[in-house]
Amino acid sequence: MNHTEFQGEVKGAQVGDHNIIYNYFYYREEVKPTSVDVADENLPCPYRGLFHFGPNDADVFFGREIFIEELYSATKTQNFIPVLGASGSGKSSVVLAGLVPKLQTAGHWQFTHFRPGADPFHALAVALVPLYTPNLDATDQIAQARKLAGYLQDGSMLISDVFAKIRQNHPNERVLLIADQFEEIYTLCHHQETRHKFLDCLLASLETSTSLSASATVWVTTMRADFLGNALSYRPFADVLQNADLKLGPMNREELTQVIEKPAEKLGVTFASGLVERILEDVENQPGNLPLLEFALTELWNKRTGKQLTHNIYEEIGQVEGALARHADEKYGNLTEAEKEKVRRIFIQLVRPGEGTEDTRRVAMKAELGEQSWDLVKQLADARLVVTSRNATSQETVEVVHEALIRNWGELREWMNKDRVFRAWQERLRAAKGQWEATQRDSGSLLRGAALAEAEEKLKERPGDLIDETEFIEESIQENNRLKQVEVARRKREIRTAWGIAAGSLVAVVISGGLGLTAWNQKNQSELNQAESLARYSLSLFNENKQLEAFVQAIKAGKILPSQHTTNLQVFNALQTVRFQGRERNRLEGHSLFVNSVSISPDGKTLASGSVDNTIKLWNLETGKEIQIRTLNGHSYSVDSVSISPDGKTLASGSSDNTIKLWNLETGNLIRTLNGHSEDVSSVSISPDGKTLASGRDKTIKLWNLETGKEIRTLNGHSNYVYDVSISPDGKTLASGSGDKTIKLWNLETGKAIRTLNEHSESVSSVSFSPDGKILASGSLDNTIKL
């Protein structure tokens, strides 16, 4: 499989005749040499560049035989084997290309593998599902993994139950569960609560008896040694780590010699006299030297002449220390000045600045880098400098091919030194944004005070580096402005109250004490009479089944009593009645997360609701009761917009999974899925004649033929996300509101822009035509509605 086709989904690598490692993200590069004799043309490269060795590479994996024996012995006595070593020491390779093939040869083992990533529960579930429910097809496995991840995370299912089921499926075999690059639970999983729950889940699966059962599952984790302090900071995990880990040290000279010579020997290729010793001198004392050595050997192999590797070629590639940097410099040097600036901005987003540790690679989503940078990302992948993939929500991602590039490419080190302060701040901002999203975008999680001022300043200075954080910052600014307006209004009320008190005091001095006391008593009695009257009216309304109006009158009566410093039985009775006997008749409950969008059918009988829980629910509104008709499942992520067609037969839904789905409203069956947007679909609108569907989000609006599902055309013109679209009642005009603060009007038939309205000072979040089509209303984050 070519590295540009690398996909983050369930995959399998064959191990021997029967065993498969599931969820195994590995690929080998088959690069033909550039200058060889015809007879040697098809010799595969036995070295792996910057990519770890896998189970299929056991025949060319050398130098770690002693450590592999230690690992093999540990599987007989331990059910948790943490492998610690420096970055570039070959932890992944020794497990995947050393331990796994040895266990496979011994027989009676099943293997599965994952990297924790940002969502360790989902990564674990994807790895377990092929063993847990082996008869599902690929689509059902994906759905099952999402479900299992949720169960494990909320504690409704124990991982021991999952392992018990796997043992039933494979009664004569043990399971080796490999958690590779385990430091990702600290570098990519930002939520400590999730991290601790995941570690608790791992620990709960470990047998505590003095000897392992014959069917015990064995966990093997690989982790960089400089993250051991992070691991020890959580006491339950620290207790298990005591004396359990196996430390992978650097190779000695004899082992390095095997790494260099033996793979070439297998293919009949030799090294020129003295070249192996020269390479050993260059690599022996380099920290994390294996990736650099493998990359240099790969480059040397690809430029070989015939069946000998020579000193001249070794010097040409820049030797061990310079081969990787030379390769990166060469690819970078071929770019234009504009492309170089984009590459700089891409790479600083792929490095997480270390805090007491070395810098590490991070996985960036396409949305963070922007659509305009993605073609360049693909070029970098072709150049073997980055790896592209997809995450659990099918969003495209990219990461540095190996941390050796971070350590050894001078350009990248210079960029990070220059932008280290900004990147450290940006990671803190992303953590705050993650907290905001985890609380369903609660306003209390937005930025405040000095943090907001700094973010606002950074957004003005570097908008291109804060694409994915812009909405969070803008929402914080809007909330801050709203709170300021509330504070101004409060101060005005306090001033009016102070003037009223002053005026009342002056009147009290002028009026005689006796007259004032009489008036005061009369006023009190009048207010008590009013409270009793409101209470009687409330009970009367309640008996007429006008419960909402009864609530209002009872509350008005109750508000009078505190100023009288007394109680009243009639008022108390009214409050008690509406409080305990009253009942809401318009609350529809059933979604597990908040609702993004609702749409009512033209006949007023059906309500559709779209939710962050990935579902659409249909409700019967005719009776006013909470009767749920059915739930529509199909989207893999949040449903952001729903729209019912004018004839009431079709429902369109737009989702954060980048798709639009069309449903038969009567049966609830899926008609078809429309694919075309590169990001989440935030708005859908059906034309009055029911023939055209408009959708928007990724700076574009797309028009679709509702009958055939074919895309008619794409409307380009907005410079930021399109948040809402609306078609006029006559079906001739389309309005779109965008994050670029504008509203655009389009000719729906031709797709031509008619005009742009520039009246709002912030993002336009909603647009809607009046029934006669003469007025357009728009709502904006600038706290205004404009007509």
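Two strands count as paired if DSSP finds at least two bridges between them. Helices (H or I, at least four residues) and strands (E, at least two) are DSSP runs, numbered from the N terminus.

One of the contacts to look for is S695, whose bridge partner in β25 is K702.

## What you're looking at

This is a predicted model, where local features need pLDDT of at least 70 and side-chain atom pairs count only at pLDDT 80 or more, while totals for chains, interfaces and linings use all residues. Residues are numbered from 1 along each chain as its sequence is written, and side-chain values use heavy atoms, with hydrogens and water left out.

## Aromatic pairs

A search of the whole structure turns up 15 aromatic pairs. For a pair, ring centres of Phe, Tyr or Trp (its six-membered ring) must lie within 6.5 Å; planes under 30 degrees apart are called stacked, over 60 edge-to-face, and the rest tilted. Take F53 and F61: their ring centres are 5.3 Å apart and their planes sit at 55°, so this pair is tilted. F53 is buried at 6% relative accessible area, and F61 is buried too, at 11% (buried means under 20%, exposed over 50%, partly exposed in between, with a 1.4 Å probe and protein chains only).

Another tilted pair is W436 with F472, at 5.2 Å centre to centre and 40° between the planes. W436 belongs to helix α19 (residues 410-438) and F472 to helix α21 (residues 470-510), so the pair ties together parts that are 36 residues apart in sequence. W436 is buried, at 2% relative accessibility, and F472 is buried at 0%.

Finally, check out two lysines over rings. K340 lies over the face of Y332, 5.4 Å from the ring centre, and K458 lies over the face of W425, at 5.3 Å. The cut-off is NZ of Lys or CZ of Arg within 6 Å of the ring centre and within 35 degrees of the ring normal.
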